[in-house]
Amino acid sequence: MAKESGLSRVVHEAVEAVSIPVLATIVGMIVGTVFILIAGKSPIQAYTAFAQAVAGSPRAFGETLVSTIPLIFTGLAVSLAFRSGLFNIGVEGQYLVAQIAAVVVGYAVKMPEGLSPGLAGLFHVTLALLAGTAAGAFWASIAGLLKAFRGVHEVINSIMLNYVALFLGSWLLNAYLKGSSGQGSSQPVQATAALTQGLIEGSRLHTGLWIALVAAFVVWIILWKTPSGYEIRAVGLSPGAAEYAGISVGRNIVLAMALSGALSGLAGAVQTLGVNRRFFETTAFVGYGFDGIAVALVGRNHPLGVILAALLFGALERGGPQMQAAAGVPKAVIYIVQGTVIFFVAAEGIWRFLRNRKVKTEVKTA
Amino acid sequence: MKGGTTVPPFTHNMLKLNGITKRFGSLVANDSIDLEVRQGEIHALLGENGAGKSTLMNILYGLYTPDEGTIEWKGKPVRIDGPGHAIALGIGMVHQHFMLIPVFSVAENIVLGMEPGGAVLDMKQANERVREISNQFGLEVDPEDKIESISVGQQQRVEILKALYRGAELLILDEPTAVLTPQEVVELGKIMKSLVAQGRTIIIITHKLKEVLHLADRVSVIRRGRKITTVEAQGRTEAELANLMVGREVELKVDKQEATPGASVLEVSHLSAKNDRGLLALKDVSFQVRAGEIVGIAGVDGNGQSELIACMTGLRKPAGGTVRVNGKDLTARSPKEVREAGVGHIPEDRQRRGLVLDFSISENAALGDHRKFTRYGFLNYGKMADLAERIVKAFDVRPPEPEYMARALSGGNQQKVIVGREIMRDPDLMLAVQPTRGLDVGAIEFIHRRLVEERDNGKAVLLVSLELDEVMNLADRILVMYKGQIVAEVAGQEATEENLGLMMAGGGARG
């Protein structure tokens, strides 16, 4: 016990991270069943249609993973910020500015002649990804700096920045990036800047999946294996003790926000280079950032939990419409299942909070 | 609601507890406790932290239901459902942390919930009633004063009056002296005598031996959930009670040699600082601490001690003056620079400052020096665990598990982790603020010994404490702080509780 480390610790953390969400999902499905019955449909038919859509064929599973990838990034972004005690509600905006940056680099930067296609692709994709990551990190840093040095609450200022990003994107698109093909989207990125699709035959599953998995591993390394991660966690758990120990709270707020924004940026850049290949006119937020909050919550702010939670939400997102089409069950049932899962995971948090409080008061009065 | 009865005191049992048992999960907080409290006595409940005193009293006050056992109140068995029921029976409790509304007047607080008059609050009558009771028992307060404008000692009187107003015949006082100056403790003693003289009965919960001897008629000692014995207080000694309480021989006074101070380590000159409200809380303070001596700062809470320490540790920017350690100017430097200059700090608030409660003991052992616990730039948990292992062994942290979460430790063990970490860092200057607050005799003895050891190893120690005994016991020199200034310096051997207490209350200002 005393020397518990390495593998056993990882396994322990992982089991801890997934047990409650798995239970919550089961409860969610039971509640969903009740509503399907109320709607007068067959739950078996509905869930069969759902399962078909999510994993009925290699292609279907590939598409489920396509929906999962951005959620992994945004879930990681929210959970990393949360580890430092910050609520990054600005993932949406960071996602958008990253898409713009990735498109600009993907479209405008030309690879030198004579480079082999493989190498040109590698360079160009890397450059475009970096641009997106940097843009996301920059956008989030504004929120971090405002919080750390001006005391502007990050929830407020990052929501504001979401709208700035939304309309900035709209303006840039209409003023500079308009493509020839249609009204609502930018020029496409060059072939060298696109992430390869077709990891699973017939699906759009792209190499962004590997980037997402590596990102999750890197987040785990940063948080639990580096001194900077130690500081971020210390600030998140106890700002007073962090300050006492000579850890700069302000500096770590900015750092955590920037890292969180970098992950949001990766979400946007990977989605653009892997799936969309261009920037679409948006009048409302796409929602990956907000879903990221739910993913982080269900994944208990642990990278492994986030991956699994993203898979769950990706499947729900992909399976809902199909269930409606094939079994005639309103896809609102899927939102009920989603809501129930979130509710039960959150309720577990509330329950734990109450238990801690009870223990505390008992200790106090003992 | 006169409590006077015709029963002569010291004969009848007011209260009798039979075989009270209370479990929290696997923890047995009270293990079949029998207790008899006589009408008109002051009965002390003595025990270490976590011994089960408060649990027992919370059962009596209706906050917990016992798992086993019965309560007899004035000869009749009762089941106490809640505080409301306890009050109706005539049992009143004064909690350690007062439950008063600061912006209300004294009388408003006292009558709260039982206001005189019908639909309209009759404040005149309330004031009158409060004055009456306060005269009857010699509890001097002005009913029209606001709570926020009166002293802590007076606030306590308001709490006692509140219970009396509700007709309490038995008063339970939970650690009543924790927040009082020595003079206020004497005052409280007089009030308690006056209460029992008029037929009231008092149970006082405490872990302070001196109080028991001064105040109580009889003492019941609780150890690990069991009642060990009930004895007459008359004729007992502190050592005797300490041994009963801890269950082994305890040294109350640290055995220490004469100090042999060396070169000056800490030099504070003309230091001034503002408090959180922007008022000058520290005014032109100058002193020094030399290697191999313990300098104690005595004072009532809130007289600038917190601001002084915050300025020295980089947690607050001074308004003026300088702080030097080993000749190095550390004025207004960051906490990190201060730590690196060889300053150890046992903070006043162990839960908010001293530990990250949701870190393990290992991770907390590295707190502050965490950048040194790396291998190839990555955290080295093995190295942290090694240090934690050493701290846990040397400082007797229970349970001795480095991977245990700090939150799960008791207050005393949390404190041992902090003291251990700071001593292991081997600083030239140790700032020990309230190092034994809330700890019991055994743990206090241990931490005191370690601080004296630090001194004997040639370190400079600055001790800030609200406990006079602690300062007098450890310090070679004592500085008294009052209203943000150092008003006196006394040699350790010459200090008495009386002269320090007087100076702490502003009575002996120098210059």
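This is a predicted model: local features need pLDDT of at least 70, side-chain atom pairs count only at pLDDT 80 or more; totals for chains, interfaces and linings use all residues.
Student: Is Asn301(A) buried or exposed?
Tutor: Its phi is near 60°, a positive value in a residue other than glycine. Buried means 20 or more other C-beta atoms (placed from the backbone) within 10 Å of its own, exposed means 12 or fewer, and partly exposed lies in between. Asn301(A) has 20 C-beta neighbours inside 10 Å, so it counts as buried.

Student: What share of chain A's contacts with a separation of 6 or more links residues 24 or more positions apart?
Tutor: Chain A has 13 helices and 0 strands. Of its 366 residues, 50% count as buried. A contact puts two C-beta atoms, placed from the backbone, within 7 Å. Among contacts with a separation of 6 or more, the share from residues 24 or more positions apart is 78%.

Student: At what angle do the axes of α2 and α3 of chain A cross?
Tutor: α2 (residues 43–55) meets α3 (residues 58–83) through Ala53(A), Val54(A) and Ala55(A) on one side and Ala60(A), Phe61(A) and Thr64(A) on the other. Axes are lines fitted to C-alpha atoms, for helices over the stretch in contact, with angles from 0 to 180 degrees between N-to-C directions. The two axes come within 5 Å and cross at roughly 80°.

Student: In chain B, which strands stand at the edges of the open sheet?
Tutor: The 6 strands run in the order β6-β7-β8-β3-β9-β10 (chain B), with mixed pairing. Two strands pair if DSSP finds at least two bridges between them. The twist averages 20° from one strand to the next. One side of each edge strand has no neighbour in the sheet, because each has a single partner strand; the edges are β6 (91–94) and β10 (226–232).

Student: Which residue of β10(B) is the bridge partner of Ile222(B)?
Tutor: β9 (residues 218–223) and β10 of chain B pair in the antiparallel sense over 6 bridges. Across that pairing, Ile222(B) bridges to Lys227(B).

Student: How does Arg224(B) count by its C-beta neighbours?
Tutor: Arg224(B) is in the loop between β9 and β10 of chain B. Its phi is positive, near 45°, in a residue other than glycine. It has 14 C-beta neighbours inside 10 Å, so it counts as partly exposed.

Student: What angle does α8 of chain B make with β9(B)?
Tutor: Helix α8 (residues 238–246) of chain B lies across β3, β9 and β10 of that chain. Its angle to β9(B) is about 35°.

Student: How many residues of α14(B) are buried?
Tutor: Helix α14 of chain B spans residues 411–424. Its buried residues, including Val417(B), Ile418(B) and Val419(B), pack against elements of chain B, among them α13 (381–394) and α15 (441–456). Just after the helix, Asp426(B) takes a positive phi of about 60°. α14(B) is mostly covered, and the buried count out of 14 is 12.

Key. Residues are numbered from 1 along each chain as its sequence is written. Chains are lettered from A and ligands numbered from 1 in the order in which they are written. Helices (H or I, at least four residues) and strands (E, at least two) are DSSP runs, numbered from the N terminus. The expected span of a helix is 1.5 Å times one less than its number of residues.
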